[in-house]
Amino acid sequence: MSASEWFREDRLPHIYCTGCGNGTVINCTLAAVEEMGWKRDETVFVSGIGCSSRAPGYILTDSLHTTHGRALAFATGVKMARPEFNVVVFTGDGDLAAIGGNHFIHACRRNVDMTVVCMNNQIYGMTGGQGSPTTPPGAISTTTPYGASEPAFDLAELAVAAGANYVARWTSYHVKELTKAVTTGMQTPGLAFVEVRTQCPTNYGRHNKLRTVPAMIEHIRSHAMLVEKYNRLTAEGKPIPEGTFTVGELVRRSRPAMGVRR
Amino acid sequence: MRHEVRFSGYGGQGIILSAVILGRAAALYDGKYAVQTQVYGPEARGGASMGQVVIDDAPILYPEVADPDIYVIMSQQGFEKYGTRAREDAVMLIDADLVRSRPACRAYEIPATAEAKTALGREIVANIVMIGALVAATEIVSREAIERAVLDSVPKGTENLNIKALKRGFELGERACKP
Amino acid sequence: MQGNTACAEGALAAGCRFFGGYPITPSTEIAETMARRLPKAGGVFISMEDELASIAAVIGAAWTGARAMTATSGPGFSLMMENIGYAAMTETPCVVVNVQRGGPSTGQPTRAAQGDMFQCRFGSHGDYSTIALTPNSVQEMFDLTVKAFDLADRFRVPTFLMADEIVGHMRERVTIPDSVEATSPRPLAEGSLPFEANENGIPGFAPFGSGRAVHVTGLTHDERGYPDTTDPEAHDRLVRRLVTKIESARRAIADYEVMNPDAETVFVTYGAPSRTVEQVIHDRPGDSIGHLRLRVVWPFPEFALKEFPNAKVFLMPELNLGQMVREVQRHVDQPVVAIPKIGGELHTPAELVSALEEHR
């Protein structure tokens, strides 16, 4: 089966804007599912609310498109009741880190055996571009018209601290690395969290002098630094450019996990 | 015949358990009907704790205790909070060393805690001594039924101690009833 | 056995194999019993981070085909409301137990109330219908929990056991049958769409793993389960069906007791206050006092009121300031008098006798 065979063709066209990064993330995730050889009848996609969370609706498996922020709690029920299912959660920065923040840390703590892919576009996209907990300081959004004044969450580091067995971060530019990271996450028992920095040209780029899709992708790519390099520079006491974020595998470990297939 | 029994003492004495044991004896082993209720509060240790039981030969409709005809009081605070309004024809068993006051109704003084401490060596079974005395004094349930209910309710390994406490309670109850 | 324990035993007897919950007085003994018993019964108990997560996990488990339940009280019930709407919208069979305590807000954690009777019917946003059962004894905590699972599956609807602190915490003798009959949801027929209803308005159920690739969404959806959020007709068709499938089955779902149908003065009760009314009737054998005792309050069985053709007045003792009394008032021409009581204690027989003498 090729990745395209996982799509519900009768649901197309999709709702994503031209140049949206979510399609790339969905493709990479489905390529990982292919790589894993998962059966369609044993794979369940779960999501909350937001642009990211519409993804399961386009995939031809059992899928649960739930309420805002609660996807991980629903997914915990699915996986704990039927550990033989492969459970993948699509979420976004608002869904996961704002309204769903508590479920996020507890799902990581429990280390429930599922894969969580977060499309972090640093904005509430579906509602028209309001500031989220990952909107960088100074960024313009409809609710931060003078520039965001709050510090942003580092979602991947949050997942590491909360106990997830596998945590990686890539961008919508790093297609191969992203696919490999999602695959590795699926192979790792316990909760795998993959954060993807992705572009929202419509509601983020437009307000932040990144008017074209290539400009936005280039902006994300150029601020990504391999975690190994970041650690080396930090150890050497060398300066890290402002706005830099790490990419790569942040943790892979084997804390006790729940809901692992028996 | 409907009986309403109220137990009170301080948290940690096994007051609620006493009510549960009495209800269990009536409902499971004497073929009667029983409803056990209690006041829920933070009184796991200390404070005035209260548990009560309605026992009847017929199904119990109104489940609450409104005006008890039998009291078992094991602390002064318990008496003040739950025992002062006892009606005149009620019967009250009192742990004589722990309750200073005496009610207007008939009262039997049972030295349950002292007995548990000295004769049985474990203060914790004072409530079982009291249950024994209650059954001997009022015959509200049969001795066989209460014995089975006690055995159902106590931790494994403490059965002998508890049965000894119960029987000691029977004796104290009989003695207290003698004029 | 305690009422809350009997509820858990009823759930286990009914085949409940998933419990997601959060501790809250006065319902906690249900979670504690499930925590002890479920793993040994091949089920899953999970203590979630809050009540939003509890009901979410229950709905997730229900979609794997497991009979799933949660138990809570007022504050937790309030937190569950959004996902209760989700369960109604997605037609997820599940059981929510609310051992009611005094509210609003934190209120009286250890005292009884019946203050959430409208919340269980109208608490989530939008139009929908649910089923709510009201036990008045420890035995009914068992029996009606079993029945709640049955109704949830038959009608594919979140079903509430609306208990109160009195029945939750009291202990009485319970008879537990060797086995109980459990109906499963009607399976999704080959060739049918996942949300295509039969003549009763209820779709067949294809839990995850059935090979039907069901998409479940809280958005307004068509019979395929696909979002269709702007077509007025699609929304009207779906939501009207969600309400009608329950309301049109009122007689099939109804469960009530009638005493002294010839009486002119009739008590209407549900839950714990019914026990006081039964006591009053028992204590006044020569007096003709009617009693309609509801074991199902939603959907409201208005036809049951017609069982008292001579009724001149209906009296409604409730542990709130008058909730279900409004529902009765809406269906009869006779005066309907609320006998409200809040604070945590059951109406005493004397209180009801004086109300009776005042209003008959």
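Biologist: How are α4(A) and α5(A) oriented to each other?

Modeller: Two packed helices are described by the angle between their axes and the distance between the axes. In this predicted model, local features need pLDDT of at least 70, side-chain atom pairs count only at pLDDT 80 or more, and totals for chains, interfaces and linings use all residues. Residues are numbered from 1 along each chain as its sequence is written, while chains are lettered from A and ligands numbered from 1 in the order in which they are written. Helix α4 (residues 101-110) and helix α5 (residues 155-162) of chain A pack at an angle of about 45°, with axes 8 Å apart. Axes are lines fitted to C-alpha atoms, for helices over the stretch in contact, and angles run from 0 to 180 degrees between N-to-C directions. The two helices are therefore oblique to each other; angles under 35 degrees count as roughly parallel, over 145 as roughly antiparallel, 65 to 115 as roughly perpendicular and the rest as oblique.

Biologist: Which residues make the contact of α4(A) with α5(A)?

Modeller: Two residues are in contact if their C-beta atoms, placed from the backbone, lie within 7 Å. Here I105(A), C108(A) and R109(A) of α4(A) meet L158(A), A159(A) and A162(A) of α5(A).

Biologist: How many helices and strands does chain A have?

Modeller: Helices (H or I, at least four residues) and strands (E, at least two) are DSSP runs, numbered from the N terminus. Chain A has eight helices and eight strands. Its radius of gyration is 17 Å, close to the 18 Å that the globule rule gives for 262 residues, so chain A is as compact as a globular protein of that length. That radius is taken over C-alpha atoms, and the rule is 2.2 Å times the number of residues to the power 0.38.

Biologist: What share of the residues of chain A is buried?

Modeller: A residue is buried if 20 or more other C-beta atoms, placed from the backbone, lie within 10 Å of its own, exposed if 12 or fewer, and partly exposed in between. In chain A, 53% of the 262 residues count as buried. For chain C, buried residues make up 59% of 360.

Biologist: How many residues of chain C are in contact with chain A?

Modeller: There are 32 residues of chain C in contact with 28 residues of chain A. Helix α3(C) gives the most to this side of chain C, with eight residues.
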